[in-house]
Amino acid sequence: MEPRHHGTADAIARLKALPRIALTPLPTPLHRLARFSDSLGADIWIKRDDMGSVGLAGNKVRKYELLLGQALTEGADTLITTGAVQSNSARAGAAAAAQLGLRCVLVLTGEPPAERRANLLLDDLFGAEVRFVGRLGWSGLEPVLAAAAAEVAQAGGRPYVVPVGASSPLGSLGFALAYRELLDQLRQAGLDLGDGDGMGDGSGAGSVAVTAQGPVLLHTTTSGGTHAGLVVGRALWGQGPRPIGVDAGRVLTDPARDLAQLATEAAAVIGLDRHFSPEQIAVELGYAGPAYGSVTEEGLSAIRLLATTEGIVADPVYSGKGLAAVVDLARSGRHEGRPIVFWHTGGWHANFDPHYGDALR
Ligand SMILES: Cc1ncc(COP(=O)(O)O)c(C=O)c1O
């Protein structure tokens, strides 16, 4: 598959030449969900980024492949990263650090829970040094990370800091590569790639609006790297469905604006001079519930439906939100018979924390 515009060929070459560490078997499968589709009367496919080893499962791994590629190139020996108590990103970082023989410091927001379960249990198992910094907003984390890096450097170490969600411009590019993977798989599956603007209306109404040809692509979005990378990938190859990010918790101040900026910065890393505008970014705000980490009824029922029809697990914090949008879209008929592709970004580990697991009982 060749890029449509000559100007993008150099950027694609630079993307492919970025230092990258293989952390998970790729490509992740794309397959049809036969019984889930039947139960909703729609043609629904799933991209299985939930698969991988227990530590290195989920969407963060694609970002870490590039971030740790850079870290090792720079001679780093300590990974410092951050997130919420049940951060999938921090857990993936801890697992990757263990695999590569790096020291790992995790700066987690919130208070230490009475019991260390789920992702936190895995962080410990992977040998990460976990530090809790209390109820700090994501924006307040930067100085704390900088202080941790200074401390490591002072002790003679070489720190490499990964921001929340691993959503730096470089990390996001893991999903530009992933978009190409998806295009190849859609073609192999005999699905029309689509080159129109299949999009959400971004109205916040929780009703995905669809306006073009080809499959409808939905995934969960939070810190934005997944979405931004997919947007860059689509720009590079000039075809395929426009990603619709289903917001899981209003973490970004203005998701469409912030995602456009992150996509613009990610494109610049590989010399692609493209300015993405908020109008080009399709975000659905209506499935998140009142705040990050909220458990929603639509999410729980979508998780149960996927589990009972396909034996595939999603979680209430992230993938369940995107899945709720898929169910809503399928039931509404707004997809107009077009296939729906759900990019499962993982996160099922959180179900083993009673806070989320009990909600599923
Ligand atoms: C399971 C899961 N899905 C989706 C996301 C959202 O991805 P991003 O942060 O790239 O927007 C996250 C982020 O933590 C996640 O853990």
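User: How do H1 and H8 cross, and at roughly what angle?
Analyst: The axes of H1 (residues 7–17) and H8 come within 9 Å and cross at roughly 130 degrees. Axes here are lines fitted to C-alpha atoms, for helices over the stretch in contact, with angles from 0 to 180 degrees between N-to-C directions. That makes H1 oblique to H8, since under 35 degrees counts as roughly parallel, over 145 as roughly antiparallel, 65 to 115 as roughly perpendicular and the rest as oblique. Helices (H or I, at least four residues) and strands (E, at least two) are DSSP runs, numbered from the N terminus.

User: What kind of model is it, and how are residues numbered?
Analyst: This is a predicted model: local features need pLDDT of at least 70, side-chain atom pairs count only at pLDDT 80 or more, and totals for chains, interfaces and linings use all residues. Residues are numbered from 1 along each chain as its sequence is written, and side-chain values use heavy atoms, with hydrogens and water left out.

User: OK, which residues of H1 and H8 meet?
Analyst: Thr8, Ala11, Ile12 and Leu15 of H1 meet Ala235, Leu236 and Trp237 of H8, where contact means heavy atoms within 4.5 Å. By class, that contact of H1 with H8 has six nonpolar residues, one polar and no charged. Ala, Val, Leu, Ile, Met, Phe, Trp, Tyr, Cys and Pro count as nonpolar, Asp, Glu, Lys and Arg as charged, and the others, Gly among them, as polar.

User: And where do H8 and H9 come in, at what angle?
Analyst: H8 (residues 225–237) and H9 (residues 255–269) have axes that come within 8 Å and cross at roughly 55 degrees. H8 and H9 are therefore oblique to each other.

User: Switching to the ligand: which residues come nearest?
Analyst: There are 16 residues around the ligand, and Lys60, Lys63, Ser223, Thr226 and Thr345 come nearest; "around" means a heavy atom within 4 Å.

User: How far are the lysine side chains from ligand oxygens?
Analyst: An N or O atom in the side chain of Lys60 is 2.8 Å from a ligand oxygen, and for Lys63 the distance is 2.6 Å. A polar backbone atom of Gly225, a residue that also meets H9, is 3.3 Å from a ligand oxygen. The cut-off for a polar contact is a pair of N or O atoms within 3.5 Å.

Key. Polar contact = N/O pair within 3.5 Å; in protein donor to acceptor, adjacent residues only side chain to side chain.
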